[in-house]
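This report walks through selected features of a structure, working from individual helices to the contacts and ring pairs that involve their surroundings. Please keep the sequence and the model open while reading.

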Amino acid sequence: MRSDSGGMIRAAGGVLWRASGSGTLEVALVHRPGYGDWSLPKGKLRRGEHPLVTACREVAEETGIRAIAGMRLAIEHYDTAAGPKAVEYWAMHGPGATFTPTPEVDRLTWLPLPDARRRLSYQRDTEALDALDALEGSTVSASSAVLLVRHGHAVSPGRWAGSDGDRPLDAKGHQQAESLRRVLPAFGPSRLVAACQTRFVETVGPLGADLGLAIGTEPVFDEDEYATHPRHGLIRILELADVYGTTCVCTAGAVIKHLLAALADEAGLDLPEIWAKKGSVWSLFFSDGRLAAADYYPVLTSPYH
């Protein structure tokens with residue numbers, strides 16, 4: 001599928017990994033009889049689909065494993081007979097499942113990274129394996145993550161007669177909340193936390209309804225409270241990061257920027273400029289109680305409109 005701008009064919013996939021009985025990192029490769037090749041599970045974006053959703057869907061369809069997305073790995077660019085193509089990859093991990101051959105994928109194999117590099121039919125696919133290999137083992141296998149979500153666009157204070165705490169999302173904000181509802185399940189959220197005001201709770205409300213998760217409100221992530229006691233918010237984030245699973249925290253942009261800068265500084269992690277647009281997400285991954293990696297998702301809409 002091409003973008004409406006008439007250029008790039010967009011696709012996405014996953015480097016699905018597991019630890020063998022001996023502790024060796026293994027990745028899944030699939031064989032496609034129609035092409036006679038071995039590749040990483042991937043596929044083209046459907047109209048209206050975010051690449052991360054595509055990646056999880058394709059991994060599930062081709063391997064049978066309902067995987068949880070981790071760190072963003074690489075984007076491969078290459079030319080095809082139909083035009084230039086870009087494939088985005090994420091590290092993924094999930095529970096074992098029975099593989100069922102299909103006309104598109106008839107074999108699945110798990111191989112250590114050196115063997116997988118040799119088995120792959122296309123040299124370009126090794127870029128995603130190299131990106132996974134470059135990560136520290138404890139980072140790849142991290143059992144917890146935190147999603148920092150900035151609230152969606154809200155009714156402006158000048159147009160709202162009630163208290164600021166009750167100020168709701170506007171139409172654009174509800175659209176952003178719907179985008180979060182579609183995309184964030186890829187990370188397997190198991191807990192939802194929000195600052196106490198209405199706009200924060202409404203931002204993750206559709207996600208919580210879909211996942212059957214209650215939204216816990218915590219004053220420590222309110223902007224005014226955080227400005228007074230920033231260390232309390234940092235401690236709470238580290239507590240959430242120390243719990244198995246993925247926690248989604250919806251708060252203000254200023255809180256996100258300060259939290260992330262503090263986490264990166266304590267971990268000695270060099271991050272680029274820290275952005276926090278409304279409706280955006282930072283996915284944070286921790287190792288040994290410290291921030292190990294962070295990915296920013298400024299817009300959670302499809303590249304096709």
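## Basis of the description

Helices (H or I, at least four residues) and strands (E, at least two) are DSSP runs, numbered from the N terminus. The model is predicted, so local features need pLDDT of at least 70 and side-chain atom pairs count only at pLDDT 80 or more, while totals for chains, interfaces and linings use all residues. Residues are numbered from 1 along each chain as its sequence is written, and side-chain values use heavy atoms, with hydrogens and water left out.

## Helix 1 and Thr54

Helix 1, which covers residues 51–63, has 13 residues and reaches 18 Å from its first C-alpha to its last, close to the 18 Å expected at 1.5 Å a residue (the expected span being 1.5 Å times one less than the number of residues). Because 11 of its 13 residues are buried, helix 1 is largely enclosed by the rest of the structure; here buried means under 20% relative accessible area, exposed over 50%, and partly exposed in between, with a 1.4 Å probe and protein chains only. Among the buried residues are Pro51, Leu52, Arg57, Glu58 and Glu62. The helix is followed by Gly64, whose phi is positive, near 85 degrees.

Thr54 is found in this helix and is buried, with a relative accessible area of 0%. Its side chain is joined to that of Glu49 by a polar contact of 2.7 Å, a polar contact being a pair of N or O atoms within 3.5 Å, where within protein one must be able to donate a hydrogen and the other to accept it, and where residues adjacent in sequence count only if both atoms are side-chain atoms. When neighbours within four places in sequence are left aside, Thr54 is in contact with Ala12, Gly43, Lys44, Leu45, Arg46 and Glu49, contact meaning heavy atoms within 4.5 Å.

Just after the helix, Gly212 takes a positive phi of about 70 degrees.

The buried residues of helix 6 are Arg199, Phe200, Thr203, Val204, Pro206, Leu207 and Gly208. The partners against which the buried residues of this helix pack are strand 8 (144–150), helix 5, strand 9, strand 10 (215–217) and strand 11 (245–251).

Arg199 belongs to helix 6 and counts as buried at 8% relative accessibility. Its side chain reaches the backbone oxygen of Asp164 at 3.0 Å, and, leaving aside neighbours within four places in sequence, Arg199 is in contact with His151, Ala154, Asp164, Arg167 and Leu169.

Arg167, one of those partners, is placed in the loop between strand 8 and helix 5 and is likewise buried, at 11% relative accessibility. A polar atom of the Arg167 side chain lies 2.8 Å from the backbone oxygen of Val155. Not counting residues up to four places away in sequence, Arg167 touches several residues, including Pro157, Trp160, Thr198 and Arg199.

## Aromatic rings and charges

Rings of Phe, Tyr and Trp (its six-membered ring) pair if their centres lie within 6.5 Å, with planes under 30 degrees apart counted as stacked, over 60 as edge-to-face and the rest as tilted. By this rule the count comes to 2 aromatic pairs. In one of them, Phe187 and Tyr297 have ring centres 5.9 Å apart and planes at 70 degrees, so the pair is edge-to-face. Because Phe187 lies in the loop between helix 5 (171–183) and strand 9 (189–194), and Tyr297 in strand 13 (residues 290–297), the pair ties together parts that are 110 residues apart in sequence. Phe187 is buried, with a relative accessible area of 3%, and Tyr297 counts as buried at 3% relative accessibility.

The ring of Tyr297 also has the charged end of Arg72 over it, 4.3 Å from its centre; a charge sits over a ring if NZ of Lys or CZ of Arg is within 6 Å of the ring centre and within 35 degrees of the ring normal. Arg124 lies over the face of Tyr122, at 4.5 Å from the ring centre.
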